[in-house]
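Welcome! Here is a short briefing to read alongside the sequence and the 3D view.

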Amino acid sequence: MSVVARCSLRAGPKGFRSMSTNSAPGSDYFSRLQALRDHAAQTTDLWRKISFYVAFPATFVTCAWVYNVETEHAAHEKHKIEENGGKLPQPPAYEYLNRRVKPFPWGMNSLFFHPVYNKDMEQEEE
């Protein structure tokens, strides 16, 4: 069968189906478009309500919980510092902790070194 014959056979039924509808031309399109707009409005309203009544309160509750946990942690750290004469106790000197084969370009400490909370690796070297 030639390509032209196959294409004409495929195109034929589509044309006949569109001719055989009893509705006014284009009315189905506009009703579907209106249904789509109504669905979009309902879905937008649903997600707006979910955002305002679920997501925002959950975010605020989570922020309050994290604030309380971090406040307790800071109080515990302060208590540990007071117990040990103004310094945090040193962690056990395991050989796999803070292992440095060669120094970083800026020294032996990490880039985010904080003298209160991190072990000073330059003192270990001396």
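Glu77 and Lys80 sit 3 residues apart in helix 2, so about one helical turn separates them. Helices here are DSSP runs (H or I, at least four residues), numbered from the N terminus. This is a predicted model, in which local features need pLDDT of at least 70 and side-chain atom pairs count only at pLDDT 80 or more, while totals for chains, interfaces and linings use all residues. Residues are numbered from 1 along each chain as its sequence is written, and side-chain values use heavy atoms, with hydrogens and water left out.

**Confidence**
- The protein has a mean pLDDT of 82, and 77% of its residues reach 70 or more; pLDDT is the predictor's confidence in each residue, from 0 to 100.
- Confidence is highest in helix 2, at a mean of 96, and lowest in helix 1 (residues 3-19), at 56.

**Salt bridges**
- The structure holds 3 salt bridges, each a side-chain nitrogen of Lys or Arg within 4 Å of a carboxyl oxygen of Asp or Glu.
- Glu77 pairs with Lys80, their closest N and O atoms being 3.9 Å apart.
- Glu77 is buried, at 14% relative accessibility, whereas Lys80 is partly exposed at 25% (buried means under 20% relative accessible area, exposed over 50%, partly exposed in between, with a 1.4 Å probe and protein chains only).
- Asp45 bridges to Lys49 at 3.3 Å between the closest N and O atoms, and these two lie 4 residues apart in helix 2.
- Arg32 and Asp28 form a salt bridge with closest N and O atoms 3.4 Å apart; Arg32 is exposed at 61%, while Asp28 is partly exposed at 41%.

**Aromatic pairs**
- There are 4 aromatic pairs, counted when ring centres of Phe, Tyr or Trp (its six-membered ring) lie within 6.5 Å; planes under 30 degrees apart are stacked, over 60 edge-to-face and the rest tilted.
- One of them joins Phe52 and Phe56, with centres 5.6 Å apart and planes at 45°, so the pair is tilted.
- Phe52 and Phe56 are 4 residues apart in helix 2, about one helical turn.
- Tyr94 and Tyr96 are stacked, because their centres are 5.5 Å apart and their planes lie at 5°.

**A surface patch**
- Phe52, Tyr53, Val54, Phe56 and Phe60 form a nonpolar surface patch with about 610 Å² of accessible area together.
- Patches join residues with over 30% relative accessible area and no salt bridge: like charges within 9 Å, nonpolar side chains (Val, Leu, Ile, Met, Phe, Trp, Tyr) within 5 Å.
- Accessible areas come from the Shrake-Rupley method with a 1.4 Å probe; for residues, only the protein chains shown count as cover.
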